[in-house]
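Here is a short briefing on one protein model. Look over the sequence and the coordinates first, then read on.

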Amino acid sequence: MVYLSRIYTKTGDAGDTALGDGTRVAKDHVRVAAYGTVDELNATLGLLVSLAATSPETDLLRDIQNDLFDVGADLCVPSSAGDRLRVQPAQAERLEAAIDRLNAPLQPLTSFILPGGSPAAAWCHLARTVCRRAERDVVTLQSRESINPHVFIYLNRLSDLLFVLARVYNNQGRDDVLWVPGKTHAEG
């Protein structure tokens, strides 16, 4: 249970912060960067949810936001701290089921897609790129410390889901903005 009666503590005023096990590290520590990017991803999804509040996928997105708190909780506690809240395989499996469901009616791609289209699709693309950065941050952390492998799997599936969801929000892919290789070469 979380109980916050006071928002500022002044304990981080010197540039360090506490991990979930109480260990103090610099605020630019790779572990803090990893869960910080996950937090940024969650905030980006919050903007998407506020824009697409009546979308049939709003409940899915809110569940993902909750999952991202689990991801952050997992990342903020080193594996050596023992049995804590950890991301589970079922969380990524739920994303895979959503990807399969959402992708089934979409036409196969014949080109890469430029980020954009509808505002909701554009937010999905932005969230996808933040998710990819979170993946890179987790890989950096993983190269230095042991982490729960299901964290990376979850983020990898989530970036795929956000790509598919962007197509859904672009009128089931009909309004995707397609890349035209070399389009501007002849201009100028």
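Which residues in H4 meet which residues in H5? On the H4 side they are Ala 120, Ala 121, Cys 124, His 125, Ala 127, Arg 128, Cys 131, Arg 132, Ala 134, Glu 135, Val 138 and Val 139. On the H5 side they are Val 151, Phe 152, Leu 155, Asn 156, Leu 158, Ser 159, Asp 160, Leu 162, Phe 163, Leu 165, Ala 166 and Tyr 169. The residues of this contact divide into 17 nonpolar, three polar and four charged. The model is predicted.

**Overall layout**

- The protein has five helices and four strands.
- Read from the N terminus, its elements follow the order β-β-α-α-α-β-α-α-β.
- The C-alpha trace spans about 55 × 40 × 30 Å along its principal axes.
- Of the 188 residues, 41% are buried.
- Take the contacts with a separation of 6 or more: 73% of them join residues 24 or more positions apart.

**The H4 and H5 pair**

- Helix H4 covers residues 119–142, and helix H5 covers residues 149–169.
- Their axes lie 8 Å apart and pack at an angle of about 165°.
- H4 is therefore roughly antiparallel to H5, as the angle is over 145 degrees.
- The crossing of H4 with H5 is left-handed.

**Thr 58**

- Thr 58 belongs to helix H2, which runs over residues 58–75.
- Its relative accessible area is 4%, so Thr 58 counts as buried, the cut-off being under 20%.
- The side chain of Thr 58 reaches the backbone oxygen of Ser 55 at 3.0 Å.
- Thr 58 is also in contact with Val 49, Ala 52 and Ala 53, leaving aside neighbours within four places in sequence.

**Gly 173**

- Gly 173 sits in the loop between H5 and strand E4, and that strand is 177–178.
- Is Gly 173 buried or exposed? Gly 173 is buried, because its relative accessible area of 16% is under the 20% cut-off.
- Not counting residues up to four places away in sequence, Gly 173 touches Leu 106 and Arg 167.
- Gly 173 and Leu 75 are 98 residues apart in sequence. In space, C-alpha to C-alpha, Gly 173 and Leu 75 are 34 Å apart.

Definitions and conventions:
Residues are numbered from 1 along each chain as its sequence is written. This is a predicted model: local features need pLDDT of at least 70, side-chain atom pairs count only at pLDDT 80 or more; totals for chains, interfaces and linings use all residues. Side-chain values use heavy atoms; hydrogens and water are left out. Helices (H or I, at least four residues) and strands (E, at least two) are DSSP runs, numbered from the N terminus. Buried means under 20% relative accessible area, exposed over 50%, partly exposed in between (1.4 Å probe, protein chains only). A polar contact is a pair of N or O atoms within 3.5 Å; within protein, one must be able to donate a hydrogen and the other to accept it, and residues adjacent in sequence count only if both atoms are side-chain atoms. Contact means heavy atoms within 4.5 Å. Axes are lines fitted to C-alpha atoms, for helices over the stretch in contact, and angles run from 0 to 180 degrees between N-to-C directions. Angles under 35 degrees count as roughly parallel, over 145 as roughly antiparallel, 65 to 115 as roughly perpendicular and the rest as oblique. A crossing is left-handed if the near helix is turned anticlockwise from the far one by less than a right angle, and right-handed if clockwise. Ala, Val, Leu, Ile, Met, Phe, Trp, Tyr, Cys and Pro count as nonpolar, Asp, Glu, Lys and Arg as charged, and the others, Gly among them, as polar.
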